[in-house]
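Please look at the sequence and the structure shown here.

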Amino acid sequence: MRRVTGPVAALALLAVVSGCGLTSGSPMVDDVRPGSVGKGQPLKGADLTVTSKEFTEQLILGAIMGIAFQAAGAEVLDRTGIQGSIGSREAVKNGDADAGYEYTGTAWITYLGNSDPIADPRKQWEAVREADLKNGLTWLAPSELNNTYALAMNQANFKKYGTKTLSDVAALSKKDPKAVTVCLESEFANRADGMPGMEKAYGMRLPSGNITQMDTGIIYTQVKKGSCAYGEVFTTDGRIKSMNLAVMADDKKFFPNYNVAPQINTKALKKYPAIADVLAPITRRLDNDVARELNAKVDVDGEDPHAVALDWMKAEGFVREK
């Protein structure tokens with residue numbers, strides 16, 4: 001998951017305002033009818049625009065939402081794949097789009113400007129929901145899908161060191177300092193909710209020589225090869241499953257909660273209140289296992305995100321073919 005803060009966020013917002021394609025889009029034309037969602041087609045006659053960020057998980061979630069709306073009878077315009085963390089939110093906020101799946105932690109920290117995350121995921125969502133009402137945005141109930149940070153290792157190192165939690169990693173770093181080598185991206189290396197904060201929370205301090213910075217995608221391959229004992233990962237990344245990596249539990253719950261929830265333009269929701277009922281069962285089904293499976297189909301197997309979303313919606317019985 002890409003997180004944008006500070007000057008980068010400001011530049012991203014400027015790009016959005018300057019016109020990075022929010023007026024573009026194409027109709028979704030999936031040949032679907034109601035399954036367990038959309039019965040009676042409560043959105044018949046509605047014209048809805050769905051948006052998302054540009055990375056794999058967001059493209060899949062945007063497609064899932066659009067397919068659900070189509071099954072419920074709506075005509076759907078596809079504006080998924082907006083670059084940056086701010087563009088898709090601004091599209092929903094200003095009415096260029098009606099809805100998209102967003103992350104509670106991103107909203108709380110990046111969009112709403114809070115420095116301290118809320119440890120309880122439900123309270124985090126409640127705080128975001130309350131704060132965003134004044135921005136013309138309504139957050140529907142969240143999912144269990146929590147795309148947050150974690151450290152992971154390959155199976156050989158997992159068997160060698162036996163660490164299961166970040167507290168275990170901290171203990172190992174004191175017992176055998178050379179054992180805890182970490183691959184991470186530069187942003188994570190410097191963020192308060194990244195490596196510095198994690199070290200402080202767990203009472204460990206790694207020598208600079210134990211830490212190697214690299215691009216996100218390379219981290220997974222380096223950890224799989226064992227070049228680093230541990231690597232920074234996102235908890236819903238499909239490569240965790242495909243590479244059979246062991247994820248360390250955040251037993252002190254340091255990392256922010258990035259639960260996915262539908263973010264809806266309040267005016268659109270008031271006009272089409274059935275949106276909430278259409279999305280509710282789908283959102284309830286989303287969790288990290290589902291996300292890893294679907295993300296892997298794109299990032300590992302090379303499948304199209306929209307096709308992956310459609311196949312899953314059919315397999316779950318949410319929609320049916322006409």
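Which residues in α2 meet which residues in α15? On the α2 side they are Leu 59, Ile 60, Ala 63, Ile 64, Ile 67 and Ala 68, and on the α15 side Pro 305, His 306, Val 308, Ala 309, Leu 310, Trp 312 and Met 313. Contact here means heavy atoms within 4.5 Å. The residues of this contact of α2 with α15 divide into twelve nonpolar, one polar and no charged. Ala, Val, Leu, Ile, Met, Phe, Trp, Tyr, Cys and Pro count as nonpolar, Asp, Glu, Lys and Arg as charged, and the others, Gly among them, as polar.

This is a predicted model, in which local features need pLDDT of at least 70 and side-chain atom pairs count only at pLDDT 80 or more, while totals for chains, interfaces and linings use all residues. Residues are numbered from 1 along each chain as its sequence is written, and side-chain values use heavy atoms, with hydrogens and water left out. Helices (H or I, at least four residues) and strands (E, at least two) are DSSP runs, numbered from the N terminus.

## Helix packing

Two packed helices are described by the angle between their axes and the distance between the axes. Axes are lines fitted to C-alpha atoms, for helices over the stretch in contact, and angles run from 0 to 180 degrees between N-to-C directions. The table gives these values for two pairs.

| Helix pair | Angle | Axis distance |
|---|---|---|
| α2 (residues 56-71) and α14 (residues 288-299) | about 110° | 9 Å |
| α2 and α15 (residues 305-315) | about 50° | 8 Å |

The angle with α14 makes α2 roughly perpendicular to α14. α2 and α15 are oblique to each other. Angles under 35 degrees count as roughly parallel, over 145 as roughly antiparallel, 65 to 115 as roughly perpendicular and the rest as oblique. The crossing of α2 with α15 is right-handed; the term applies if the near helix is turned clockwise from the far one by less than a right angle, and left-handed if anticlockwise.

In the contact with α14, α2 contributes Thr 56, Glu 57, Ile 60 and Ile 64, which meet Ala 291, Leu 294, Asn 295, Val 298 and Asp 299. The residues of the contact of α2 with α14 divide into five nonpolar, two polar and two charged.

## The five-stranded sheet

Five strands form an open sheet with mixed pairing, in the order β9-β8-β10-β7-β11. Its edge strands, β9 (211-213) and β11 (246-247), each pair on one side only. Two strands pair if DSSP finds at least two bridges between them.

β7 (residues 149-153) pairs with β10 (residues 230-234) in the antiparallel sense over four bridges, and Ala 150 stands opposite Val 233 in β10. The pairing of β7 with β11 is also antiparallel, over two bridges, and Ala 246 in β11 is the bridge partner of Met 153.

How many residues of β7 are buried? The answer is five of its five residues, where buried means under 20% relative accessible area, exposed over 50% and partly exposed in between (1.4 Å probe, protein chains only). Tyr 149, Leu 151 and Met 153 point one way from β7, and Ala 150 and Ala 152 the other way. In a regular strand the side chains alternate between the two faces of the sheet.

β7 is also among the elements that the buried residues of α9 pack against, together with α7 (166-175), β8 (182-184), α8 (186-190) and β9. Those buried residues of α9 (residues 195-202) are Met 195, Gly 197, Met 198, Glu 199 and Tyr 202. Just after α9, Gly 203 takes a positive phi of about 65°.

Six of the six residues of β12 (residues 260-265) are buried, so β12 is largely enclosed by the rest of the structure. β5 (residues 99-103) and β12 pair in the antiparallel sense over five bridges, with Ala 261 in β12 as the bridge partner of Glu 102. Three bridges join β6 (residues 137-139) to β12, also antiparallel, and Trp 139 stands opposite Gln 263.

β5 and β6 are also among the elements packed by the buried residues of α4, along with β3 (47-53), α3 (87-94) and α5. Eight of the eight residues of α4 are buried, including Trp 108 and Tyr 111. Gly 113, which follows α4, has a positive phi, near 80°.

Asp 116 is found in the loop between α4 (104-111) and α5 (121-132). Asp 116 counts as exposed, at 57% relative accessibility.
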